Amino acid sequence: MYYRKRAYDGLLVTLYISLVVIGWLMLYSATAREWTSSASFWSSSMGKQTIWLMLAVGVFWLFQIVEWKYWFRTAYLFYALGIVLLVIVLIWGREIKGARSWLYFGGWGFQPSEVAKFTTLLGLSAYLSHYGTDMRRRASQLVASAMILVPAVLVALQPDWGTAMVYGALVLVFYRAGLPVEYFIVGAVAVMGLLGGLLVGWLKMGVVVSVLYSLVAVWYSKRWWWAWLLWLLGVGGVAYVLKEGLEEWEWIVGLYHLLVAELVLFIRRWYRWAVVGIGLVVLAIGLGWSSEFAFREVLKPHQQERINVWLFPHKADPQGAAYNVLQSKLAIGSGGLWGKGFRKGRMTELNYVPEQTTDFIFTTVGEEQGFVGSVAVLAIFLMLLWRLVVLAERVEHDFMRFYLYGVASLLFFHVFVNVGMTLGLVPIIGIPLPFISQGGSALVVFSLMLSVALRMGREA
Amino acid sequence: MAYRGKLKARATHIQWLFLIGLGILVFRLGQLQLWDPRYKIKAEATIIDREIITPARGLLYDRNGNILVHNSPTYDILVRYNALDPHMDTTRLCQIFHLSREAFARRIEKDWRDKRYSKWIPFYFLKNVPPQYVHRFVEYQYAYPGFEPRLSLIRAYPHHSAAHVLGYLNEVTKEVVRDSGGLYRYGDFIGISGIEKYYEPLLRGEKGVRIVLKDNKGTKVKVLEYSGARPPRAGDDLYLSIDLDLQQYAESLMQGKSGAIVAIEPSSGEILAMVSAPFYDPNILTLSERDRLELEKLQEDSLKPFFNRAIMANYPPASTIKPLMALIAMQERAISPYTVGSCPGYYRYKEFTYGCHLHPKPRNVMIALQHSCNSYFFMTFRRLLERDGPQFEQARLDILVDYLYEAGLGRRLGVDIHGESAGFIPSREFYDALYHPYRWSSTYIMSIAIGQGELLTTPLQLANIAAMIANRGYYYTPHFIRQIGDGTKSIPLHYRRAHRLSIDTTLFAPVIEGMRRSFIYGTATRAYSPHLAMAGKTGTAQNPHGKDHSLFIGFAPIDTPKIAVAVVVENAGTGGKVAAPIASLIMEKYVLDTVYRRYLEYRMRKLRTIPLKKPSL
């Protein structure tokens, strides 16, 4: 590759620069009360962040000189380096807020768990793009999962469960790499079972799963009109039972839907699916029942409270566990359509939202820029993700493809969880909003990841 | 590579995932920011505090600009329960505030189910604390988190007088708060009696609202200019018609007695002085905790010092009704000014006999009034009722009652303090019920003629009659209000309108002359003053429970009346002995501004009708 195949992807650069600038402005607004009162701008946290920002942009620019092949060749090395850093931080790291996640050099600290996101992704992409790897095979599945699990466990040991969960986002790459869809279906049903058990109880959730199961069965049953009739009749029954609160009839309507599904599948002679379907329903009900049981009997009150904050906000103590989310929702809600204007966010200015410069920076966006500004920020992220997928499908080597998908998955997970958390959709997991939250190492690592992605985009 | 080709489709799935994921976020954003207003409202409520600013209550002045009631700064101690240190040194705190342990516990442990109290909202621990205690407390305040002294204003009465007129304040009750529609809040004060109650809407002013931005710790950051904010408006100052000097002088004359004095300026109906004895110092009711006991003590006193006798007590007017009777009879042509009466020292009609005292023959109305001749007025009364023949006697009583009613008897005059009594005029219906319709006649009810029997009046009504006579036929409703604030608000119309009686002005001359002569040679000679021409009428109300009540009405000077006065002294004997001298002193004091008859003043002050309390051992 000694010639220029393609220019820099201008859209990606623009999106990156706009995100970084928006992030800087939001932090500028959120920390105004602090740095206007401190002696000098540069000694405040905002000044520090500005230096980090320049460093990040420098990294973004600098790493354009590194071609993808170098990353490909050194991927396992970097992966190992990441693991070593994670081990080191467990031994020599500085404990802040109960987690041993910081390494300090002089006055500047960074989080190896952030760096490890990048290195893990490199290693994983290299493994997945190996010619011998086939995600349909058990061995490949195990190795690939282990490559994610090792750093995740090390991070979880710090303990930093939020960041550990980030590594889970990389299963999206597995999907693209060919992991059979059944795993995802089982996973989705399992998640549904767990959540449904907590939300509505195992029986109601079982009914819902049965309805979905029979829907799928009827859908694929060559659209027999009598099957649809049976199904609709059942749905009517479910609606009636739920509306009237006839709890003793719930299991009957659930069973009815199961029977409809089985009937359709047997007539089509899809015996395998009939069995698998029943298995999935049982799995969901079992998980629902156990999650309900675990919530009641196993979890300690403070853990129950955390779940309450997420699923049942009205049950949680507004001065205690639910305080963050409540204040964050209020701040965002008070923004309205157009927002209150830059540096005019009162709840931001008056420090109502804890962690508002890091994990809850989106509240500043929501309050000061309103619905329009928030949607604009999300739109920028969406364009970024879209562009990364488009580039990933263009590149010539699987390493680059999986790497680009990995970057996109990580970004998506961060954005969805972080913003969802400020909106009260997702439980509070302390992970930053990429390019916008305060925090040097995350900013630099995300810039680095995106820089490498941009360079790879040129190879397409 | 079919398999790899198939996998390409998965890119679209992932793109859909991204789109749906962020779409969920956008939907939630819309829910929070666009179509669910709760968050916006709640956010406002979280960061914005509406502070109610209670304005200073209006001050009260007397007619000469002397201050009667003002607001005096004092300290309250507030406590926020949740901020208390459970290990604080309560012994020292009790020493600082001179509290007993029980009192301390009682003040801290509130009934938390009561919605007036909250563990987060500061409540009153002590009220009206002496400043020296507060200064000592402030030294130790660091050791007592949750305690906080707050400056507040209480009512203060620099002159210690006119307690009944001015009234007092107390904390609002639950019911008032509930029914006020947000006008009052717990801890506010409201007028309970007197002027403070009657003019409460003027005195309290308008509460202001300040909208304050507070940060996450509740610290106030800045005051906002908001649509809901408004400055408080201080209560209106009221200028009362009370003459402080006269009031204090009247109170000094009434010490040791029970009874009432009302002095009115006839030309305007303004009340110059109103005393109800026994009286109390209004300052003791400015309600700190220890003074609650004083309040209870006053309420339990058998002499009822809280009872404003000047407007609430009903006395038989006795002979003080005679000038009015004479006027009514002359107006009705029952007698003429020259009608001659006879008085053998008693009046007899069949089995009815009523005594009179030794005095010259009542050759006309003037002399009858001068000597307060009972016989003459029995005759007058019978002539009044029997004028049209025996079958019209009951109907004639109606006419008499109408005149009395017109003169302000038997109904509330409408003075501007609450609790006024109506007195009582026995009407035709009353006697119909008492005897039987048409089974009674003038001779059954003759005691009305001399103000005894069923007729009852308040001292205020008596003073009003004196004012009416002084004005030769009209009166203004007695009132205290003279000016509201800077005078831009006018006083109520019904205090500015004269009530004219249907009695000819010319008829007043003989009556007033008789009232004048009673000082020179008549019933009120003991009250004679060489310096001031006064007119007056004594009265001695028979009291079945003890010594007679001494009554007097009068006015001075005769030609240009400046003051009309009514005095009632309970259990003091005849009207000429006590009430008339006191009234004459008051008139002299007000008209001449000095009192020449020091000996009389001395005697009246020394006179006691209430026995001294024996010290309880």
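This tour visits several parts of a predicted model in turn, naming what to select at each stop.

**The core around Tyr403(A)**

Begin by selecting Leu128(A), Tyr403(A) and Phe435(A), the residues with the most contacts inside the largest nonpolar core. That core has 124 residues. Next, select residues 398-422 of chain A, which form helix 18; this helix gives the most to the core, with 16 residues.

Now centre the view on Tyr403(A). Which residues does Tyr403(A) contact, leaving aside its neighbours within four places in sequence? They are Phe118(A), Leu121(A), Leu122(A), Ser125(A), Leu448(A), Met449(A), Val452(A), Ala453(A) and Met456(A).

As a general background, nonpolar side chains tend to be buried together in soluble globular proteins.

**The sheet of chain B**

Turn next to the open sheet in chain B, in which 5 strands follow the order 12-11-20-19-18 with antiparallel pairing. Select strand 12 (270-277) and strand 18 (535-541) of chain B: each has a single partner strand and stands at an edge, so one side of each is left without a neighbour in the sheet. On average, and with direction ignored, neighbouring strands of this sheet are turned by 5° against each other.

**Between the chains**

Show both chains together. The contact takes 55 residues from chain A and 36 residues from chain B. Chain A and chain B bury about 4100 Å² between them, of which 70% is on carbon and sulfur atoms.

How many salt bridges are counted between chain A and chain B? The count is 1. Select Glu393(A) and Lys8(B) to see a salt bridge whose closest N and O atoms are 3.2 Å apart.

**A last stop at Gln394(B)**

Finally, select Gln394(B), which lies in helix 16 (residues 393-406) of chain B. Is Gln394(B) buried or exposed? Gln394(B) is buried, because its relative accessible area is 4%, and buried means under 20%. Beyond residues up to four places away in sequence, Gln394(B) touches Arg428(B), Tyr438(B) and Trp440(B).

Terms used. Residues are numbered from 1 along each chain as its sequence is written. Chains are lettered from A and ligands numbered from 1 in the order in which they are written. This is a predicted model: local features need pLDDT of at least 70, side-chain atom pairs count only at pLDDT 80 or more; totals for chains, interfaces and linings use all residues. Side-chain values use heavy atoms; hydrogens and water are left out. A nonpolar core is a set of buried Ala, Val, Leu, Ile, Met, Phe, Trp, Tyr and Cys residues joined through side-chain atoms within 4.5 Å. Buried means under 20% relative accessible area, exposed over 50%, partly exposed in between (1.4 Å probe, protein chains only). Helices (H or I, at least four residues) and strands (E, at least two) are DSSP runs, numbered from the N terminus. Contact means heavy atoms within 4.5 Å. Two strands pair if DSSP finds at least two bridges between them. Axes are lines fitted to C-alpha atoms, for helices over the stretch in contact, and angles run from 0 to 180 degrees between N-to-C directions. Buried area is the accessible area (1.4 Å probe) that two parts lose on being put together, summed over both. A salt bridge is a side-chain nitrogen of Lys or Arg within 4 Å of a carboxyl oxygen of Asp or Glu.
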